[in-house]
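Me: I am new to this protein and would like a friendly tour. Could you show me how to read its features, one at a time?

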Amino acid sequence: MITYANCVELVTLIQWLMIIKHFTDNDLYKFSVMLAIQRLYPWAYVTYEFTNRGATPFPEGFADQLKKEVADMANLQMTKAEKKFITHKCYYFDPVFIDFLEGYKYDPEEVKITQQEGELKVEIEGYWYRTVLWEVPLMAIISELYFQMTGSTPQEVEEKAIAKSLALKEMKADHSDFGTRRRFSFDVHDRVIHCLQTHSEEFFKGTSNVYLAMKYNTTPIGTMPHEWFMFHGAIYGYRSATAKALDAWVDVYQGSLGITLTDTYTTQIFKESFDLKHAKLFDGVRWDSGDPLTYTDEIIHFYHENRIDPLSKTIVYSDSLNLEKVKEIKHYVNNRIHDAYGIGTFFTNDVGVNPLNMVIKLNRVKYNKKSPFHYAVKLSDIPGKNTGNTEEIELSKKTLGLREK
(Lines give C-alpha, C1' and ligand atoms only; values in the text may rest on other atoms or scores of the structure.)
Protein backbone atom coordinates (compact mmCIF):
# COMPACT_ATOMS: atom_id res chain seq x y z
CA MET A 1 0.00 0.00 0.00
CA ILE A 2 1.28 3.47 -0.91
CA THR A 3 1.47 5.68 2.15
CA TYR A 4 2.56 9.26 2.79
CA ALA A 5 5.67 7.91 4.54
CA ASN A 6 6.52 5.81 1.43
CA CYS A 7 6.21 8.91 -0.77
CA VAL A 8 8.48 10.94 1.52
CA GLU A 9 11.06 8.15 1.48
CA LEU A 10 10.92 7.97 -2.33
CA VAL A 11 11.44 11.73 -2.73
CA THR A 12 14.32 11.57 -0.24
CA LEU A 13 15.93 8.73 -2.21
CA ILE A 14 15.56 10.62 -5.51
CA GLN A 15 17.20 13.71 -3.98
CA TRP A 16 20.05 11.62 -2.58
CA LEU A 17 20.79 10.28 -6.07
CA MET A 18 20.65 13.74 -7.69
CA ILE A 19 23.73 15.84 -8.40
CA ILE A 20 21.99 18.95 -7.04
CA LYS A 21 20.54 17.79 -3.72
CA HIS A 22 19.77 21.12 -2.04
CA PHE A 23 17.63 24.04 -3.20
CA THR A 24 20.24 26.57 -2.06
CA ASP A 25 23.12 24.78 -3.80
CA ASN A 26 23.27 27.86 -6.00
CA ASP A 27 25.11 31.18 -6.00
CA LEU A 28 23.79 34.10 -3.98
CA TYR A 29 23.78 36.45 -6.98
CA LYS A 30 21.13 34.35 -8.71
CA PHE A 31 18.75 34.86 -5.79
CA SER A 32 19.58 38.56 -5.47
CA VAL A 33 18.98 39.31 -9.14
CA MET A 34 15.82 37.18 -8.97
CA LEU A 35 14.39 39.53 -6.34
CA ALA A 36 15.33 42.60 -8.40
CA ILE A 37 13.64 41.10 -11.48
CA GLN A 38 10.47 40.29 -9.55
CA ARG A 39 10.36 43.78 -8.09
CA LEU A 40 10.95 45.71 -11.33
CA TYR A 41 10.51 43.47 -14.37
CA PRO A 42 8.03 40.70 -13.46
CA TRP A 43 6.82 40.35 -17.07
CA ALA A 44 10.27 40.08 -18.65
CA TYR A 45 10.72 36.99 -20.81
CA VAL A 46 14.14 35.65 -21.81
CA THR A 47 16.28 32.90 -23.25
CA TYR A 48 19.69 31.67 -22.08
CA GLU A 49 22.13 29.67 -24.18
CA PHE A 50 24.91 27.23 -23.30
CA THR A 51 28.27 27.87 -24.98
CA ASN A 52 30.97 25.21 -24.99
CA ARG A 53 33.95 27.54 -25.35
CA GLY A 54 36.46 24.73 -25.09
CA ALA A 55 34.69 22.65 -27.76
CA THR A 56 34.85 19.67 -25.41
CA PRO A 57 33.13 16.60 -26.94
CA PHE A 58 30.52 15.13 -24.61
CA PRO A 59 30.19 11.34 -24.27
CA GLU A 60 27.42 9.40 -25.94
CA GLY A 61 24.20 9.53 -23.93
CA PHE A 62 25.20 12.67 -22.05
CA ALA A 63 22.08 14.62 -23.03
CA ASP A 64 19.81 11.83 -21.79
CA GLN A 65 21.51 11.77 -18.40
CA LEU A 66 21.40 15.55 -18.22
CA LYS A 67 17.67 15.52 -18.95
CA LYS A 68 17.14 13.14 -16.02
CA GLU A 69 19.06 15.43 -13.68
CA VAL A 70 17.07 18.44 -14.87
CA ALA A 71 13.77 16.58 -14.46
CA ASP A 72 14.72 15.56 -10.91
CA MET A 73 15.29 19.21 -9.96
CA ALA A 74 11.50 19.61 -9.87
CA ASN A 75 11.71 17.71 -6.56
CA LEU A 76 13.87 20.37 -4.89
CA GLN A 77 12.32 22.64 -2.27
CA MET A 78 13.78 25.05 0.25
CA THR A 79 13.94 23.52 3.72
CA LYS A 80 13.09 25.22 7.00
CA ALA A 81 16.79 25.31 7.86
CA GLU A 82 17.62 27.02 4.56
CA LYS A 83 14.82 29.53 5.07
CA LYS A 84 16.04 30.32 8.57
CA PHE A 85 19.61 30.83 7.34
CA ILE A 86 18.57 33.10 4.46
CA THR A 87 16.29 35.13 6.72
CA HIS A 88 19.17 35.68 9.14
CA LYS A 89 22.09 36.17 6.75
CA CYS A 90 20.40 37.76 3.74
CA TYR A 91 18.86 40.67 5.61
CA TYR A 92 18.34 42.52 2.31
CA PHE A 93 15.71 39.96 1.17
CA ASP A 94 12.17 40.90 2.16
CA PRO A 95 9.92 38.28 3.82
CA VAL A 96 7.60 38.10 0.80
CA PHE A 97 10.51 37.05 -1.41
CA ILE A 98 11.75 34.49 1.11
CA ASP A 99 8.25 32.99 1.30
CA PHE A 100 8.22 32.87 -2.51
CA LEU A 101 11.51 30.94 -2.50
CA GLU A 102 10.02 28.47 -0.02
CA GLY A 103 7.29 27.64 -2.53
CA TYR A 104 9.41 27.85 -5.72
CA LYS A 105 9.62 24.76 -7.92
CA TYR A 106 11.98 24.31 -10.86
CA ASP A 107 10.11 23.67 -14.11
CA PRO A 108 12.13 21.27 -16.34
CA GLU A 109 9.99 22.32 -19.32
CA GLU A 110 11.97 25.58 -19.33
CA VAL A 111 15.14 23.69 -20.36
CA LYS A 112 15.68 22.21 -23.83
CA ILE A 113 18.59 19.78 -24.23
CA THR A 114 19.84 18.11 -27.43
CA GLN A 115 23.01 16.31 -28.50
CA GLN A 116 24.47 15.52 -31.92
CA GLU A 117 27.44 13.21 -31.56
CA GLY A 118 29.70 15.06 -29.08
CA GLU A 119 28.01 18.47 -29.45
CA LEU A 120 25.72 19.47 -26.58
CA LYS A 121 23.07 22.19 -26.93
CA VAL A 122 21.15 23.65 -24.02
CA GLU A 123 18.63 26.51 -24.10
CA ILE A 124 16.53 27.92 -21.27
CA GLU A 125 13.36 29.89 -22.00
CA GLY A 126 10.70 31.45 -19.81
CA TYR A 127 9.88 34.36 -17.54
CA TRP A 128 13.12 35.90 -16.35
CA TYR A 129 12.14 35.91 -12.68
CA ARG A 130 11.89 32.09 -12.85
CA THR A 131 14.56 31.04 -15.34
CA VAL A 132 17.26 33.10 -13.65
CA LEU A 133 17.88 30.28 -11.15
CA TRP A 134 18.86 27.66 -13.75
CA GLU A 135 22.29 28.91 -14.87
CA VAL A 136 24.52 27.96 -11.94
CA PRO A 137 23.08 24.55 -10.93
CA LEU A 138 22.80 23.55 -14.59
CA MET A 139 26.48 24.30 -15.18
CA ALA A 140 27.40 22.45 -11.99
CA ILE A 141 25.42 19.43 -13.20
CA ILE A 142 27.05 19.51 -16.66
CA SER A 143 30.50 19.65 -15.08
CA GLU A 144 29.97 16.92 -12.48
CA LEU A 145 28.10 14.64 -14.89
CA TYR A 146 30.87 15.00 -17.48
CA PHE A 147 33.52 13.86 -15.00
CA GLN A 148 31.29 11.03 -13.79
CA MET A 149 30.70 9.73 -17.32
CA THR A 150 34.37 10.02 -18.31
CA GLY A 151 35.49 8.08 -15.22
CA SER A 152 37.56 10.91 -13.72
CA THR A 153 38.76 10.75 -10.11
CA PRO A 154 39.79 13.87 -8.16
CA GLN A 155 43.35 13.96 -6.85
CA GLU A 156 44.87 15.78 -3.83
CA VAL A 157 41.72 17.69 -2.95
CA GLU A 158 42.58 18.51 0.67
CA GLU A 159 46.32 18.76 0.10
CA LYS A 160 45.96 21.43 -2.57
CA ALA A 161 43.18 23.30 -0.77
CA ILE A 162 45.17 23.48 2.46
CA ALA A 163 48.29 24.68 0.64
CA LYS A 164 46.27 27.43 -1.07
CA SER A 165 44.62 28.42 2.20
CA LEU A 166 47.95 28.80 3.95
CA ALA A 167 49.48 30.73 1.04
CA LEU A 168 46.56 33.18 0.90
CA LYS A 169 46.68 33.59 4.67
CA GLU A 170 50.39 34.36 4.47
CA MET A 171 49.67 36.99 1.78
CA LYS A 172 46.91 38.41 4.04
CA ALA A 173 44.63 38.23 1.03
CA ASP A 174 40.90 38.43 1.78
CA HIS A 175 39.33 35.73 -0.35
CA SER A 176 36.00 34.04 -1.09
CA ASP A 177 34.94 30.96 -3.00
CA PHE A 178 33.23 31.63 -6.35
CA GLY A 179 33.55 28.07 -7.66
CA THR A 180 30.07 26.53 -7.91
CA ARG A 181 29.60 26.66 -11.68
CA ARG A 182 32.63 24.71 -12.92
CA ARG A 183 33.39 22.56 -9.87
CA PHE A 184 34.51 18.96 -10.24
CA SER A 185 31.70 17.84 -7.94
CA PHE A 186 29.66 18.93 -4.95
CA ASP A 187 31.77 16.66 -2.74
CA VAL A 188 35.02 18.33 -3.86
CA HIS A 189 33.44 21.76 -3.38
CA ASP A 190 32.35 20.81 0.14
CA ARG A 191 35.79 19.52 1.10
CA VAL A 192 37.49 22.64 -0.27
CA ILE A 193 35.26 24.99 1.75
CA HIS A 194 36.04 23.02 4.90
CA CYS A 195 39.78 23.43 4.25
CA LEU A 196 39.49 27.13 3.44
CA GLN A 197 37.53 27.90 6.58
CA THR A 198 39.86 25.84 8.77
CA HIS A 199 43.20 27.04 7.44
CA SER A 200 42.64 30.53 5.98
CA GLU A 201 41.07 31.68 9.25
CA GLU A 202 39.97 35.33 9.16
CA PHE A 203 41.10 35.81 5.55
CA PHE A 204 38.38 33.44 4.30
CA LYS A 205 35.39 35.73 3.91
CA GLY A 206 32.73 33.34 2.64
CA THR A 207 31.36 31.52 -0.39
CA SER A 208 29.02 32.38 -3.22
CA ASN A 209 27.26 29.04 -2.61
CA VAL A 210 24.33 29.63 -0.27
CA TYR A 211 23.98 26.03 0.92
CA LEU A 212 27.68 25.69 1.76
CA ALA A 213 27.60 29.09 3.47
CA MET A 214 24.83 27.65 5.66
CA LYS A 215 26.64 24.37 6.29
CA TYR A 216 29.82 26.15 7.41
CA ASN A 217 28.09 29.12 9.04
CA THR A 218 29.92 31.64 6.91
CA THR A 219 28.83 34.60 4.78
CA PRO A 220 27.09 34.08 1.42
CA ILE A 221 28.95 36.34 -1.02
CA GLY A 222 27.59 37.84 -4.23
CA THR A 223 27.76 40.80 -6.58
CA MET A 224 25.63 42.20 -9.39
CA PRO A 225 25.78 39.93 -12.51
CA HIS A 226 26.48 40.79 -16.14
CA GLU A 227 22.96 39.77 -17.14
CA TRP A 228 21.51 42.70 -15.18
CA PHE A 229 23.37 45.16 -17.44
CA MET A 230 22.74 43.03 -20.54
CA PHE A 231 18.98 43.19 -20.02
CA HIS A 232 19.03 46.97 -19.60
CA GLY A 233 21.22 47.39 -22.69
CA ALA A 234 18.91 45.27 -24.82
CA ILE A 235 15.71 46.96 -23.63
CA TYR A 236 16.74 50.58 -22.99
CA GLY A 237 19.75 51.03 -25.28
CA TYR A 238 23.48 50.75 -24.75
CA ARG A 239 24.17 54.39 -23.91
CA SER A 240 21.75 54.39 -20.99
CA ALA A 241 22.22 50.77 -19.88
CA THR A 242 24.80 51.36 -17.14
CA ALA A 243 23.00 54.23 -15.44
CA LYS A 244 19.62 52.47 -15.71
CA ALA A 245 21.00 49.22 -14.30
CA LEU A 246 22.79 50.91 -11.40
CA ASP A 247 19.80 53.08 -10.46
CA ALA A 248 17.46 50.10 -10.63
CA TRP A 249 19.75 48.08 -8.34
CA VAL A 250 19.87 50.90 -5.81
CA ASP A 251 16.06 51.20 -5.94
CA VAL A 252 15.78 47.56 -4.91
CA TYR A 253 18.66 47.18 -2.45
CA GLN A 254 19.06 50.70 -1.05
CA GLY A 255 22.84 50.38 -0.69
CA SER A 256 23.13 46.68 0.20
CA LEU A 257 24.96 44.31 -2.17
CA GLY A 258 27.06 47.25 -3.27
CA ILE A 259 29.77 45.72 -5.45
CA THR A 260 29.21 46.33 -9.17
CA LEU A 261 30.72 44.79 -12.28
CA THR A 262 32.20 47.27 -14.72
CA ASP A 263 33.03 45.35 -17.90
CA THR A 264 29.67 44.39 -19.46
CA TYR A 265 30.15 47.14 -22.06
CA THR A 266 33.80 47.82 -21.10
CA THR A 267 35.02 49.70 -18.04
CA GLN A 268 35.72 52.72 -20.24
CA ILE A 269 32.00 53.06 -21.01
CA PHE A 270 31.02 52.15 -17.44
CA LYS A 271 32.97 55.07 -15.98
CA GLU A 272 31.09 57.54 -18.19
CA SER A 273 27.89 56.70 -16.27
CA PHE A 274 29.36 55.83 -12.86
CA ASP A 275 29.04 59.33 -11.46
CA LEU A 276 29.69 60.75 -7.99
CA LYS A 277 26.30 59.57 -6.70
CA HIS A 278 26.95 55.99 -7.76
CA ALA A 279 30.56 56.09 -6.61
CA LYS A 280 29.43 57.02 -3.11
CA LEU A 281 26.47 54.63 -3.02
CA PHE A 282 28.38 51.55 -4.15
CA ASP A 283 30.97 49.92 -1.88
CA GLY A 284 33.24 49.09 -4.77
CA VAL A 285 33.69 47.38 -8.12
CA ARG A 286 34.57 43.94 -9.48
CA TRP A 287 37.33 43.26 -11.99
CA ASP A 288 36.41 40.39 -14.31
CA SER A 289 38.42 40.87 -17.49
CA GLY A 290 41.41 42.73 -18.91
CA ASP A 291 44.65 43.72 -17.20
CA PRO A 292 44.13 43.82 -13.41
CA LEU A 293 47.03 46.19 -12.80
CA THR A 294 45.88 48.77 -15.33
CA TYR A 295 42.36 48.38 -13.96
CA THR A 296 43.60 49.03 -10.42
CA ASP A 297 45.24 52.31 -11.43
CA GLU A 298 42.16 53.42 -13.37
CA ILE A 299 39.78 52.76 -10.49
CA ILE A 300 42.01 54.41 -7.88
CA HIS A 301 42.41 57.42 -10.18
CA PHE A 302 38.63 57.54 -10.65
CA TYR A 303 38.03 57.66 -6.88
CA HIS A 304 40.70 60.34 -6.40
CA GLU A 305 39.12 62.42 -9.18
CA ASN A 306 35.80 62.24 -7.32
CA ARG A 307 37.42 63.18 -3.98
CA ILE A 308 36.71 59.74 -2.51
CA ASP A 309 39.29 57.96 -0.37
CA PRO A 310 40.09 54.71 -2.26
CA LEU A 311 40.76 52.99 1.06
CA SER A 312 37.04 53.33 1.81
CA LYS A 313 36.25 51.29 -1.31
CA THR A 314 36.92 47.74 -2.54
CA ILE A 315 38.02 46.09 -5.75
CA VAL A 316 36.96 42.44 -5.94
CA TYR A 317 39.26 40.61 -8.37
CA SER A 318 37.64 37.53 -9.90
CA ASP A 319 38.92 36.53 -13.34
CA SER A 320 40.77 33.18 -13.56
CA LEU A 321 42.75 33.75 -10.39
CA ASN A 322 45.52 31.54 -9.01
CA LEU A 323 48.11 32.09 -6.28
CA GLU A 324 50.62 33.75 -8.60
CA LYS A 325 48.07 36.21 -9.95
CA VAL A 326 46.74 37.06 -6.48
CA LYS A 327 50.29 37.67 -5.26
CA GLU A 328 51.05 39.91 -8.24
CA ILE A 329 47.87 41.94 -7.84
CA LYS A 330 48.21 42.29 -4.07
CA HIS A 331 51.80 43.48 -4.37
CA TYR A 332 50.76 46.02 -7.00
CA VAL A 333 47.76 47.32 -5.02
CA ASN A 334 50.12 47.93 -2.10
CA ASN A 335 47.38 49.03 0.31
CA ARG A 336 46.12 51.82 -1.98
CA ILE A 337 42.58 50.38 -1.98
CA HIS A 338 40.93 47.47 -0.21
CA ASP A 339 41.50 44.39 -2.35
CA ALA A 340 39.53 41.13 -2.16
CA TYR A 341 39.67 37.99 -4.30
CA GLY A 342 36.81 35.84 -5.58
CA ILE A 343 38.39 32.55 -6.63
CA GLY A 344 36.44 29.96 -8.58
CA THR A 345 37.69 27.01 -10.62
CA PHE A 346 41.18 27.20 -9.08
CA PHE A 347 39.55 26.25 -5.77
CA THR A 348 36.90 23.77 -6.86
CA ASN A 349 38.35 22.01 -9.91
CA ASP A 350 42.12 21.88 -9.49
CA VAL A 351 42.12 18.12 -9.02
CA GLY A 352 44.10 16.73 -11.96
CA VAL A 353 41.55 17.19 -14.77
CA ASN A 354 40.91 19.89 -17.37
CA PRO A 355 37.89 21.92 -16.20
CA LEU A 356 35.18 22.52 -18.77
CA ASN A 357 35.44 25.92 -20.45
CA MET A 358 31.76 26.77 -20.70
CA VAL A 359 29.22 29.49 -19.96
CA ILE A 360 25.46 29.91 -19.92
CA LYS A 361 24.53 33.45 -20.85
CA LEU A 362 21.40 35.52 -21.36
CA ASN A 363 21.03 35.86 -25.13
CA ARG A 364 17.52 37.20 -25.92
CA VAL A 365 15.08 39.30 -23.89
CA LYS A 366 11.56 40.72 -24.12
CA TYR A 367 10.09 43.39 -21.88
CA ASN A 368 6.96 41.21 -21.82
CA LYS A 369 5.89 38.04 -23.57
CA LYS A 370 4.00 39.91 -26.33
CA SER A 371 7.00 42.07 -27.27
CA PRO A 372 9.59 41.08 -29.87
CA PHE A 373 12.86 39.51 -28.75
CA HIS A 374 15.99 41.66 -28.57
CA TYR A 375 19.49 40.21 -28.49
CA ALA A 376 21.42 40.67 -25.24
CA VAL A 377 25.21 40.94 -25.58
CA LYS A 378 28.23 41.28 -23.36
CA LEU A 379 31.45 42.97 -24.34
CA SER A 380 34.57 42.82 -22.19
CA ASP A 381 37.79 44.59 -21.29
CA ILE A 382 39.58 42.04 -23.47
CA PRO A 383 39.32 43.11 -27.14
CA GLY A 384 37.50 40.49 -29.17
CA LYS A 385 36.18 38.53 -26.18
CA ASN A 386 32.49 39.22 -26.67
CA THR A 387 29.37 37.14 -25.99
CA GLY A 388 26.18 37.11 -28.05
CA ASN A 389 24.86 37.74 -31.54
CA THR A 390 27.66 39.02 -33.80
CA GLU A 391 25.61 41.71 -35.54
CA GLU A 392 24.25 42.97 -32.22
CA ILE A 393 27.77 43.12 -30.79
CA GLU A 394 28.84 45.31 -33.72
CA LEU A 395 25.78 47.50 -33.25
CA SER A 396 26.54 47.95 -29.53
CA LYS A 397 30.16 48.88 -30.23
CA LYS A 398 29.14 51.34 -32.93
CA THR A 399 26.51 52.89 -30.63
CA LEU A 400 29.06 53.26 -27.83
CA GLY A 401 31.84 54.52 -30.10
CA LEU A 402 34.07 51.54 -29.38
CA ARG A 403 36.74 50.31 -31.75
CA GLU A 404 38.84 47.15 -31.41
CA LYS A 405 42.38 47.93 -30.41
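**Strands, helices and charged pairs**

Reply: Let's begin with a pair of strands: β2 and β3 pair in the antiparallel sense over 6 bridges. Strands here are DSSP runs of type E with at least two residues, helices are runs of H or I with at least four, and both are numbered from the N terminus. Two strands pair if DSSP finds at least two bridges between them. Please keep in mind that this is a predicted model, where local features need pLDDT of at least 70, side-chain atom pairs count only at pLDDT 80 or more, and totals for chains, interfaces and linings use all residues. Residues are numbered from 1 along each chain as its sequence is written, and side-chain values use heavy atoms, with hydrogens and water left out.

Me: Which residue of β3 stands opposite valine 111?

Reply: Isoleucine 124 does. In the hairpin of β2 and β3, 2 residues lie between the strands, and glutamate 117 takes a positive phi near 55°.

Me: What is the strand order of the open sheet?

Reply: Strands of a sheet pair through backbone hydrogen bonds, either parallel or antiparallel. In this case 5 strands follow the order β2-β3-β1-β10-β11, with antiparallel pairing. The edges are β2 (111-116) and β11 (374-375), each with a single partner strand, so one side of each has no neighbour in the sheet.

Me: How many bridges join β1 to β10?

Reply: There are 8, between β1 (residues 45-52) and β10 (residues 358-366), running antiparallel. Valine 46, for example, has valine 365 in β10 as its bridge partner. Helix α11 (residues 226-236) packs on the sheet and touches β1, β10 and β11, its direction making about 30° with that of β10. Helix α7 (residues 135-149) lies across β1, β2, β3 and β10, at about 145° to β10. Such angles run from 0 to 180 degrees between N-to-C directions, with axes as lines fitted to C-alpha atoms, for helices over the stretch in contact. Contact means heavy atoms within 4.5 Å.

Me: Is threonine 242 buried or exposed?

Reply: Buried means under 20% relative accessible area, exposed over 50%, and partly exposed in between (1.4 Å probe, protein chains only). Threonine 242 counts as buried, at 5% relative accessibility. Its place is in helix α12 (residues 241-253). Not counting residues up to four places away in sequence, threonine 242 touches Phe229, Phe270 and Ser273.

Me: Which residues touch the most other members of the largest nonpolar core?

Reply: A nonpolar core is a set of buried Ala, Val, Leu, Ile, Met, Phe, Trp, Tyr and Cys residues joined through side-chain atoms within 4.5 Å. The largest one here has 126 residues, and those touching the most other members are Leu66, Phe93, Leu120, Trp128, Ile142, Trp228 and Tyr265. A second, separate core of 5 residues includes Phe178, Ile221, Val316 and Ala340.

Me: How many salt bridges does the structure hold?

Reply: Side chains of opposite charge can pair when their charged atoms come close. The structure holds 22 salt bridges, each with a side-chain nitrogen of Lys or Arg within 4 Å of a carboxyl oxygen of Asp or Glu. In one of them, glutamate 102 meets lysine 83, with the closest N and O atoms 2.8 Å apart. Glutamate 102 lies in helix α5 (residues 95-103) and lysine 83 in helix α4 (residues 80-89), so the pair ties together parts 19 residues apart in sequence.
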